[in-house]
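This report is for a reader who is new to the structure shown below. Please keep the sequence and the model in view while reading.

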Amino acid sequence: MQPFTKRVVDLILAIPPGRVMTYGQIAEAAGNRRGARQVVRILHSLSASCGLPWHRVVNAQGRIAFSDEEGRFSQRALLEAEGVVFRADGRIDLAVYRHTEL
């Protein structure tokens with residue numbers, strides 16, 4: 001596993017229940033502030049094999065990034081089960097739920 005990939009995996013594993021991080025936030029903390037798309041690819045390819053809490057990663061606006069309805073529903077249900085509250089516009093208040101303790 002490449003060092004950046006390892007750092008991304010470790011960061012995602014460290015997100016506690018009821019908290020979220022953004023793709024860009026993870027990329028920057030892992031050493032590549034422009035690597036948000038790499039974080040997406042890492043999540044896609046390693047979520048199952050590494051047991052990543054993929055549902056705790058959202059976009060910079062606090063929105064679920066899935067384009068398909070089933071994916072959005074699943075991620076929202078998992079986050080709500082952990083106590084995350086969505087605003088009326090479908091966004092998560094990052095000032096409240098963003099995990100920042102790195």
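## Basis

This is a predicted model, in which local features need pLDDT of at least 70 and side-chain atom pairs count only at pLDDT 80 or more, while totals for chains, interfaces and linings use all residues. Residues are numbered from 1 along each chain as its sequence is written, and side-chain values use heavy atoms, with hydrogens and water left out.

Helices (H or I, at least four residues) and strands (E, at least two) are DSSP runs numbered from the N terminus. Buried means under 20% relative accessible area, exposed over 50%, and partly exposed in between, with a 1.4 Å probe and protein chains only.

## Nonpolar cores

A nonpolar core is a set of buried Ala, Val, Leu, Ile, Met, Phe, Trp, Tyr and Cys residues joined through side-chain atoms within 4.5 Å. The largest one has 17 residues, and F4, V8, I12, I26, V39, L43 and V57 have the most contacts inside it. Helices α1 (3-13), α2 (23-29) and α3 (36-50) each supply at least two residues of this core. The largest share, five residues, comes from α1.

Beyond its neighbours within four places in sequence, V39 is in contact (heavy atoms within 4.5 Å) with F4, V8, Y23, I26 and A27. A second, separate core of nine residues includes V58, I64, V84 and F86.

## Helix α1

In α1, the buried residues are F4, T5, V8, V9, L11 and I12. They lie on the same side of α1, because they cover an arc of only 165° around the axis. The arc is taken from the directions from the helix axis to the C-beta atoms. Among the elements covering these buried residues are β1, α2, α3 and β2.

## Helix α4

Helix α4 (residues 69-81) has 13 residues. From first C-alpha to last, α4 reaches 18 Å, close to the 18 Å expected at 1.5 Å a residue, the expected span being 1.5 Å times one less than the number of residues.

G71, Q75 and L79 are buried in α4. Their arc around the axis is only 60°, so they are on the same side of α4. Their cover includes β2 (57-58). The face turned away from the buried side carries the exposed residues E69, E70, F73 and A81. After α4 comes G83, with a positive phi near 100°.

## Residue T22

T22 lies in strand β1 (residues 21-22). T22 counts as buried because its relative accessibility is 5%. Leaving aside neighbours within four places in sequence, T22 is in contact with V57, V58, N59, A60, L94 and R98. A polar atom of the T22 side chain lies 3.0 Å from the backbone nitrogen of Q25.

Technical notes: Polar contact = N/O pair within 3.5 Å; in protein donor to acceptor, adjacent residues only side chain to side chain.
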